[in-house]
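Me: I would like to go through this structure with you, one topic at a time. Please keep the answers in plain sentences.

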Amino acid sequence: MATQPQGAGTIDADGSRPYAGSVVDIAGVAIGAGQPVRVIAGPCSVESEQQFRETAIAVRAAGGALLRGGAFKPRTSPYAFQGLGRLGLEIMRAVGDELGMGVVTEAMAAEDVELVAQLADMVQIGARNMDNRALLESAAASGRPVLLKRGITATIDEVLRAADVLVAADNDQIVICERGSRTFEPSTRNSLDVAAVPEVKFRSGFPVVVDPSHGTGRRDIVEPISLAGIAAGADGIIIEVHPNPPEALSDGPQSWEASRFGEYMGAIHAMASAVGRA
Amino acid sequence: MGEANAWVVVLGREVAASDAKRVAGAVGELQPGVALTRGDAWSAIAFADGRHEDQVEALRSLPGVERVVPVSAPYRLASREVFETDVAVHIGDDREGASFDLGGSAPICVVAALGERRRSREERVRLATEVRAAGAAVLLAGRVGHGSGGGGSDALSVDDLRTLRDVTLDADLALAAEVSDLRQVDEVASLVDLVQVGGASMQDFNLLRELGRAERPVVLRRGSGSIVEEFLLAAEYVLTHGNGRAILCESGIRTFDATYAPRFEINAVPVIKRATHLPVIADPSHATAHPRLVPAVAKAAVAAGADGLVLELADGPSGDDEAIGMSEFHTLMEELEPIAAAVGRRVR
């Protein structure tokens, strides 16, 4: 039997869970206990104003709650597209304002946090930076809610310790993202840990979103894995959507087609209704 | 899918035995030693590489042949290329009592596992009645060992299985048991509706061959260190030796995170469903090893497209092990219904 690790995450030493039932507000959208399942959607990378606007319009039309996009991109290869940086942030802000939607984006370095927090409504800590203490502390200090992604080989214990760093820096507006981890299985990019959804919620109380795009790396199973996340109790989904995935500058094989996003949201809505969270 | 490396000759649903024999003979001339595989509503023969379209053309016109399909996946009879739609496996064929389909468009099948604890007949009757009333369709009895179950073994004896057979017949449940010794396959198969192969035996190829000759559906569990392709190739062993009724059970894989070992691999459910027409069930109990996680993972598996669930049940409340209590089981069964409905299914 699995033992309950003690003293890690945000369970107090006396076993109480001060963040049980947490709800985090992002630009007027509440994510967490008792709230509807929220969908955060957008391209992996902001490639151009036109590409981001076209995606954002499709996301909004289908009922997406928040926009995501990457301006600072942590790419495996130094030769891959590294993102538009400040220009990307400005595009997201402009389109978000135009459509009346909040935006979520990643900060990759402590010195970028101020700019990201100025232009975005939520600061994302990427999987590769889950243990970057300076970045966590800057993100916490920005005053923005933080989307904390579980590292590619992080245990549940470790992602909760990273959340502890944010809490210690006086920011408890935390949403934790399960985005899959590295396993021996070669048919998918990562393996989504669906049991982490109830376990992270149980142990920390923070809202949990599932990332079926990175969690699979395969568009053909993004929808069933999204539904699985919702059935397991996820408070939201963060999904990559692109107007033309084969031409995407990053993550094309796992990105959902913007033109079919309404179809996807129909399935999401049905499952959210099934768990009483439409 | 890449280049075709094999062919599968699919015979019609109502094929006459004499036609099937003639087709097998014709395929045998192309590749000696091939066997006919029988599913419930299909039969087929797979044969290998290097045969070109012109060499199989003659087969297409033989009486009883429905299609001759090129296959590029490493597994052949199991490949989705052979059947585009999910194919159900019938449970409980030649005995009275429970009789239903698993997979295809059939309702979600719930298998209640009661561990290997030795119980009195009265306890078994009570539990069987209770799980049937809650909606389970199959009772998974446990692993069958040798002798009377003594010598420190908690395995079931064949006598236990006989008792359980009577109990499940009365309760309208199908009976499943795990076999790990190929010498026991025939005896166990004669007493149960489904024969299970544990994850540790997934690549016991002699056992798989023996089960290919058995006349019972086989539930094959994924080994905790096996990739999906190896899992499907293990199923192919059962299929190609004649038994078309294989059911795949995702049971968790080993990862770096030993906190909740093993890990239920949710991705495998749609990955396997896309690769094969065979039914796919999931065991959230074994794969999470924690009763607190079982209901959420069970719901996730159904949402991801699983055709069934194996749930370890405790006699009373949720225990220290992976078993969930009866009241949690009832609640879960109720919560599964709308989730199944959202993906166009029902729970039996």
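Reply: In H8(B), the buried residues are B:Ala268, B:Val269, B:Pro270, B:Val271, B:Ile272, B:Lys273 and B:Ala275. The coordinates belong to a predicted model.

Me: How many residues of H8(B) are buried, out of how many?
Reply: Seven of the eight residues in H8(B) are buried, and the helix is mostly covered.

Me: What covers the buried residues of H8(B)?
Reply: The cover includes H8 of chain A, and from chain B it includes H7, S12, S13 and H10.

Me: Which sheet do S12 and S13 of chain B belong to?
Reply: They are part of a closed barrel of eight strands in chain B, which runs S7-S8-S9-S10-S11-S12-S13-S14 with parallel pairing. From one strand to the next, the twist averages 25°.

Me: And how does H8(B) sit on that sheet?
Reply: Helix H8 of chain B, residues 268-275, packs on the sheet and touches strand S12 (246-250) and S13 of chain B. The direction of H8(B) makes about 165° with that of S13(B). Helix H10 of chain B, residues 294-303, also packs on the sheet, where it touches S13 and S14 of chain B. The direction of H10(B) makes about 170° with that of S14(B).

Me: How many bridges join S13 to S14 in chain B?
Reply: Two bridges join strand S13 (residues 280-282) to strand S14 (residues 308-312) of chain B, and these strands run parallel. Within this pair, B:Ile281 stands opposite B:Gly308 in S14(B).

Me: Back to H7 of chain B. Is B:Leu233, which lies in that helix, buried or exposed?
Reply: B:Leu233 counts as buried because it has 21 C-beta neighbours inside 10 Å, where 20 or more are required. Helix H7 of chain B covers residues 228-240.

Me: Which residues is B:Leu233 in contact with, leaving aside neighbours within four places in sequence?
Reply: B:Leu233 is in contact with B:Pro74 and B:Tyr75. The C-alpha atoms of B:Leu233 and B:Arg76 are separated by 8.7 Å, and these two residues are 157 apart along the chain.

Me: What about the open sheet in chain B: what is the strand order?
Reply: The open sheet has four strands in the order S2-S3-S1-S4 of chain B, with antiparallel pairing. Its edge strands are S2 (37-38) and S4 (65-71) of chain B, each of which pairs on one side only.

Me: How many bridges join S1 and S3 there?
Reply: Five bridges join strand S1 (residues 6-11) to strand S3 (residues 43-47) of chain B, and the two run antiparallel. B:Val10 stands opposite B:Ala44 in S3(B). Helix H1 of chain B, residues 17-30, lies across S1, S3 and S4 of chain B and runs at about 5° to S3(B).

Me: Now the contact between the chains. How many residues does each side contribute?
Reply: Chain A contributes 37 residues and chain B contributes 36 residues. On the side of chain A that touches chain B, helices H5 (156-168), H6 (196-204), H8 (222-231) and H9 (261-274) of chain A each supply at least two residues. H8(A) gives the most to that side, with six residues.

Me: What is the make-up of the chain A side?
Reply: The residues of chain A that touch chain B divide into 23 nonpolar, nine polar and five charged.

Me: Overall architecture next. How many helices and strands are in chain A?
Reply: Chain A has nine helices and eleven strands. Its radius of gyration is 17 Å, close to the 19 Å that the globule rule gives for 278 residues, so chain A is as compact as a globular protein of that length. Buried residues account for 58% of the 278 residues of chain A.

Me: And chain B: how many helices and strands?
Reply: Chain B has eleven helices and 14 strands. Its radius of gyration of 20 Å agrees with the value near 20 Å for a compact globule of 348 residues. Of the 348 residues in chain B, 53% are buried.

Me: Finally, what is the average pLDDT of chain A?
Reply: The average for chain A is 94, and 94% of the residues score at least 70. Over residues 1-8 of chain A the pLDDT is below 50, and this stretch has 14 contacts in the model beyond near neighbours in sequence.

Definitions and conventions
Residues are numbered from 1 along each chain as its sequence is written. Chains are lettered from A and ligands numbered from 1 in the order in which they are written. This is a predicted model: local features need pLDDT of at least 70, side-chain atom pairs count only at pLDDT 80 or more; totals for chains, interfaces and linings use all residues. Two strands pair if DSSP finds at least two bridges between them. Axes are lines fitted to C-alpha atoms, for helices over the stretch in contact, and angles run from 0 to 180 degrees between N-to-C directions. Two residues are in contact if their C-beta atoms, placed from the backbone, lie within 7 Å. Ala, Val, Leu, Ile, Met, Phe, Trp, Tyr, Cys and Pro count as nonpolar, Asp, Glu, Lys and Arg as charged, and the others, Gly among them, as polar. The radius of gyration is taken over C-alpha atoms; the globule rule is 2.2 Å times the number of residues to the power 0.38. A residue is buried if 20 or more other C-beta atoms lie within 10 Å of its own, exposed if 12 or fewer, and partly exposed in between; C-beta atoms are placed from the backbone. pLDDT is the predictor's confidence in each residue, from 0 to 100.
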